[in-house]
Amino acid sequence: MPLPPLVEPVAALSADEAARTARHLVLADLGEIGQRRLRAAHVAVLGAGGLGSPVVLALAAAGVGTLTVIDDDDVELSNLQRQVLHRLADVGAPKVDSAVRAAADLSPETTVRAVRERLTAENAEELLADADLVIDGSDTFETRSVVAAATERLGIPLVWGVVQEFAAQVTVFWSRPPAGAAPVVLSDLYPPGQVGELPTCAAVGVLGALCLQVGSVLAMEAIKLVAGIGEPLLGRVLLIDALRGKMSEVPLRPASAPVESTAPAPENTTAPAPEPPHVAVAALDAEIVAGAVVLDVREDSEVAGGMIPGARHVPLAQVLSDPAALAGPERIVVVCAVGARARRAAIALRTEGADAVVLTGGMSEWNAR
């Protein structure tokens, strides 16, 4: 549903800003008043990495008046594959410095408040209190939980996204939305205690181009909320499957909301694949003695550093392209770095009738033992 704009517009745009944003001014839904609302807005962006980079670029280019960018990291060479704020010359420098430079190059009238510190439960409300909305581009669930809790207490909208490997989710949380809209918060999507330990992008990888796509969606959600146009993703989760070129959405209700039995079923939905069984590293020897095959689905560069003795190496993409070719009668113990890719491979193999299980903790756990 459409929501009222978050901010009152500034009185007028400067001549230079009006000329720079001329293509916005002729948009029927946004127009001059919407552009003046963007100029008045203060958006806090958590993280200047894979998602924060395109968000900062898009919002500065859009003419958002104030951006608070919070990140305590320095630029590393491996960041450049997806964190498009930064350049080779920035390696070793604070990430927030790139945000200041890039925004100034795009929109001299945008003020960037660079906060080079880690957001914690102790400082979150103080750092976010002046913002009209927050965009979370952080990379750990612990930090996302802290951000979500702070915005819930402050009552401001949280534009939230997560990307890993070739998939992404985007939604909007808001504990105190305008009248007529149901409040939706992070715990409605991920109930406390049910998330577990999630693999990092360093462990399972992330497609750089997908970060740009998701960052653009996050920025668009912020623009819609600020200007009061369109239908924000409050109460809906956008799902992006980059490999299949598909975008879909699922409804997200407050956990306490009653389920409406008369509501039509969502279109084009399928039942989620059942979770494959897991086996502990301590039980692996017994599995092998009993005839199980160990299937390592990591990439060539990863297995060069060592494999479980006797394991068969087939990269994940090859498994997913033809799981039937590997689905023999023997039990298959699938292993990757920490377990996320092994889970995908095991699901694909089980759909072909294979007795496939996941090695809990993957090579990380096996090496530790």
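Trainee: To begin with, what percentage of the 369 residues of the protein chain count as buried? After that, please go through the open sheet strand by strand.

Mentor: This is a predicted model, and 47% of the 369 residues of the protein chain count as buried. The chain as a whole comes first. Its secondary structure comes to 15 helices and 13 strands. A compact globule with 369 residues would have a radius of gyration near 21 Å, and the 23 Å of the protein chain agrees with that. The C-alpha trace spans about 75 × 60 × 40 Å along its principal axes. Of the contacts between residues at least 6 apart in sequence, 67% join residues at least 24 apart. The side chains include 28 positive and 45 negative ones, with the centres of the two sets 3 Å apart.

Now the sheet. Strands of a sheet pair through backbone hydrogen bonds, either parallel or antiparallel. Here 5 strands form an open sheet with parallel pairing, in the order β9-β13-β12-β10-β11. Its edge strands are β9 (278–279) and β11 (312–313), each of which pairs on one side only. Within the sheet, β12 covers residues 332–335 and β13 covers residues 356–359. These two strands run parallel and are joined by 3 bridges. As for individual residues, V334 stands opposite V358 in β13.

Key. Residues are numbered from 1 along each chain as its sequence is written. This is a predicted model: local features need pLDDT of at least 70, side-chain atom pairs count only at pLDDT 80 or more; totals for chains, interfaces and linings use all residues. Side-chain values use heavy atoms; hydrogens and water are left out. Helices (H or I, at least four residues) and strands (E, at least two) are DSSP runs, numbered from the N terminus. The radius of gyration is taken over C-alpha atoms; the globule rule is 2.2 Å times the number of residues to the power 0.38. Buried means under 20% relative accessible area, exposed over 50%, partly exposed in between (1.4 Å probe, protein chains only). Contact means heavy atoms within 4.5 Å. Lys and Arg count as positive and Asp and Glu as negative; His and the chain ends are not counted. The place of a charge is taken as NZ of Lys, CZ of Arg, CG of Asp or CD of Glu. Two strands pair if DSSP finds at least two bridges between them.
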